[in-house]
Amino acid sequence: MLLSDLQTGERGVVTRVAGHGAFRKRIIEMGFIKGVEVTSVLNAPLNDPIKYRIMNFEVSLRHSDAMKVEIVTPEEAEREIANHDDFRALEAEETTLQHIAKERSRTINVALVGNPNCGKTSIFNVAAHAHERVGNYSGVTVDEKVGTFKYGGYTFNLTDLPGTYSLSAYSPEELYVRRHILEKNPDIILNVVDGSNLERNLYLTTQLIDMDITMVMALNMYDELQKSGDRLDIEQLSTLLGMPIVPTTGRSGQGIGSLFDKIIEVFEGGGYRHIHVNHGRYLERHIKQLRTHLYEHGFSDEISTRFLAIKLLEHDSQLERYAAERDPDGSALQLRDQIAEGYKKGSGRRLVENVVDNGHKVDVESGHQDIESAITDAKYAFVRGALAECYVRNEKSTLHSLTDRLDSIVTHRWLGYPVFLLFMFVTFWCTFTLGAYPMDWIDGLFAWLGERIGEGMSEGPWRSLVVDGIIAGVGSVLVFLPNILILYLFISFMEDSGYMARAAFIMDKLMHRMGLHGKSFIPMIMGFGCNVPAIMATRTIEDRKSRLLTMLVIPMMSCSARIPVYVILCSAFFSTHAAYVIMGLYLLGMVMSVLMAKLFSRYFVKGDSLPFVMELPPYRLPTAKAVLRHTWEKGKEYLKKMATIILGASIIVWALSYFPYHEDPKQQAENSYMAKIGKTIEPAMRPCGFDWRQSVALLSGVFAKEVVASTMGVLYSTSDYSDGSDCSEYSESSEYSEDADDFRIASLIRDHMTPLSAFSMLLFILLYMPCLSTVVAIKNESGRWKWAVFTMAYTIGLAWVVSALVFQLGSLLL
Ligand code: GDP
Ligand code: MG
């Protein structure tokens with residue numbers, strides 16, 4: 001709990017002091033250090049400051065300051081001891097309270113900060129034994145992930161943050177990371193740096209240094225650095241930057257142990273020295289001037305005044321607001337404006353300025369109009385200066401030559417497209433054609449299971465629930481697990497190898513014409529897996545307009561939840577060409593998304609799209625472990641969905657179609673609640689060629705698209721009674737039953753649908769409203785319900801129009 005929560009007369013032991021710079025120093029000097037006992041002498045409501053007794057003398061603290069001191073009370077300690085039996089034994093003379101306080105202060109909060117794609121998540125996974133997604137393109141991690149583990153007698157709370165190139169207020173990720181550092185006050189920032197790309201990575205490091213936080217650097221991709229033949233004097237770089245640097249290879253886990261040993265050492269007070277990034281004499285003078293002003297106006301308690309001064313000079317909008325709130329007379333911003341103005345006027349005279357970093361001279365051109373670019377340049381100059389002293393590049397490096405050779409084909413102006421189509425073809429061919437074999441086995445297993453269980457139970461609602469509800473419903477969706485695993489295997493491989501970034505690159509021109517962005521392409525391909533993470537992945541698109549457009553059209557990308565319905569309908573009516581029909585649907589989805597994007601960008605979504613730089617990371621052979629793990633994670637999610645949403649929906653659908661119960665099976669099928677609902681909406685769906693069963697199936701798909709398949713499974717197997725056959729033998733109810741390989745439901749469906757209505761339904765499923773999770777994701781990511789509702793409306797409208805057109809034209813022609 002916090003010191004401020006301590007009531008008059010109560011006592012506690014300090015476990016952690018958060019807060020920053022001057023504040024922290026002041027409070028520690030007062031005696032608030034780890035392990036010290038504090039008693040609240042007077043803490044009346046509305047009484048600010050609060051009086052405390054510490055080390056036998058009294059001090060008073062502002063309420064807001066007391067909120068930054070974490071403590072443990074005797075009651076908390078007792079509770080904690082009672083709940084855990086694996087605590088180390090109390091040492092002699094040690095009270096429970098002291099013991100727990102010690103345990104607590106051995107907790108280290110570490111945040112991973114670094115450029116996109118530098119290996120943060122890989123390190124996170126090794127350290128926290130986690131299974132978060134890694135991918136060889138930027139923007140895989142979109143929000144924070146926390147992992148807790150014990151190491152070296154300490155408890156670590158490790159937070160994996162989104163990747164950023166800088167800490168300005170331009171993109172949501174940058175703001176996110178900055179806010180995390182400022183508000184959560186991690187004990188140690190673990191700055192992960194891509195060793196094969198030092199200059200750009202260290203730019204972020206210079207900004208972190210400005211923030212005056214305690215850092216340790218992981219020099220990741222160390223294997224690549226070594227292979228490249230580049231030489232880096234780590235010792236020297238570490239001295240220049242003032243922080244320990246530990247070489248690591250996130251992929252194999254090498255060096256991670258030493259990394260955390262180092263973190264412990266720094267946490268306990270060793271090895272970190274705060275340095276200042278030298279921005280050159282002229283800029284430094286201004287920074288100092290503004291900083292002094294900020295310091296005098298009480299800004300130093302929450303934030304490094306140097307960081308704030310630099311950011312204000314960079315016209316950082318978020319920190320401008322921050323400064324304005326805390327400084328009502330606006331003097332800080334006035335001073336900033338003065339300095340910036342003066343800088344602009346004087347810039348003509350300072351065409352060349354020397355920045356001296358540790359004796360190394362670097363020329364900086366500073367004939368800029370604005371102070372922002374001057375600061376950026378000075379930072380790069382600092383980095384270059386540092387590298388010039390300790391880094392020798394191997395000009396004959398072979399590391400990137402493979403990447404270059406592959407890229408000359410894969411991103412070739414003409415060849416790139418057929419190569420991409422080939423990859424897509426192989427992916428879908430394997431998903432549907434190879435996937436058909438294990439699918440048959442599982443289907444057979446469920447048929448057998450249904451029969452055995454059906455035989456073992458006596459006739460009645462319970463048997464119907466188990467056989468027609470649960471087994472038919474869940475079974476009809478579960479059989480698609482192999483397809484989904486295969487699809488994810490391919491997507492993971494493409495992401496991890498770096499190919500996906502290339503695909504996005506070659507699509508950029510095409511995407512631009514649609515008002516989208518090359519970067520929109522990766523989220524769209526991810527949409528083939530599941531729309532929800534795809535919509536979250538749009539966060540990598542800086543440009544708001546493109547981002548919103550991408551979000552709006554992702555539902556057109558056929559997610560894996562739609563596979564069950566496709567396969568069931570295709571094997572019922574188009575079995576010989578199933579793979580082609582399905583691939584056609586995927587293509588149609590892509591074409592529709594592009595058309596819709598074009599339409600929306602012209603009429604609904606306002607704003608200009610920005611030019612951008614697409615990063616092409618070097619190719620990396622994905623580790624089998626990572627790809628398989630990623631695939632399995634998806635499989636697990638799918639199974640979880642089976643056990644929850646699909647199971648629940650199957651039972652509800654079964655109940656609605658079983659009740660009210662009628663002796664006569666025909667009556668039963670026609671008068672169930674389900675039939676009533678279906679018949680109510682049927683008139684609206686008639687033009688598309690759907691009867692009441694199809695209509696309810698589509699309606700149920702709103703929860704999750706797989707539910708369409710499970711609903712059909714339940715509806716058609718219960719309706720089977722109407723033919724007077726026994727439930728356990730329903731495969732014989734169809735005239736097609738001689739086809740042994742056929743799906744059970746497929747044969748039942750043929751009795752109720754025509755190829756044309758099935759085709760119309762396929763189109764409807766592809767296009768109509770995304771599942772509720774996707775709708776919620778759109779609302780969260782766009783920040784407005786308006787866009788979520790808009791997506792629902794346009795997709796349903798589009799699905800209806802396309803299906804109705806196809807069905808009506810088809811009926812005329814056939
Ligand atoms: P993040 O974006 O910073 O979270 O980076 P990821 O952990 O997702 O990794 C990006 C890519 O780099 C993945 O393909 C990883 O397999 C790969 N990778 C991570 N660490 C290393 C490393 O030390 N060496 C090599 N060669 N590859 C790595
Ligand atoms: Mg990541």
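Predicted model: local features only at pLDDT ≥ 70, side-chain atom pairs only at ≥ 80, totals over all residues.
Local features need pLDDT of at least 70 and side-chain atom pairs count only at pLDDT 80 or more, while totals for chains, interfaces and linings use all residues. Residues are numbered from 1 along each chain as its sequence is written, and side-chain values use heavy atoms, without hydrogens and water.

**View 1. An open sheet of five strands.** The strands follow the order β4-β3-β2-β1-β5 with antiparallel pairing. At the edges stand β4 (57-61) and β5 (69-72); each has a single partner strand, so one side of each is left without a neighbour in the sheet. From one strand to the next, the twist averages 45 degrees. Strands here are DSSP runs of E, at least two residues long, and helices are runs of H or I, at least four, numbered from the N terminus. Two strands pair if DSSP finds at least two bridges between them.

**View 2. Strand β1 and its surroundings.** Strands β1 (residues 11-17) and β2 (residues 37-42) run antiparallel and are joined by three bridges. Val13 has Glu37 in β2 as its bridge partner.

**View 3. A nonpolar surface patch of about 890 Å².** Leu422, Phe425, Val426, Trp429, Leu434, Tyr437, Trp441 and Tyr580 make this patch. Such patches join nonpolar side chains (Val, Leu, Ile, Met, Phe, Trp, Tyr) within 5 Å, from residues with over 30% relative accessible area and no salt bridge. (A salt bridge is a side-chain nitrogen of Lys or Arg within 4 Å of a carboxyl oxygen of Asp or Glu; accessible areas come from the Shrake-Rupley method with a 1.4 Å probe, and for residues only the protein chains shown count as cover.) Helices α17 (416-434) and α18 (436-456) each give two or more residues, and the largest share, five residues, comes from α17.

How values were computed: Chains lettered and ligands numbered in written order. Patch = residues over 30% accessible without salt bridge, like charges linked within 9 Å, V, L, I, M, F, W, Y side chains within 5 Å. Axes fitted to C-alpha atoms, helices over the stretch in contact; angles between N-to-C directions.
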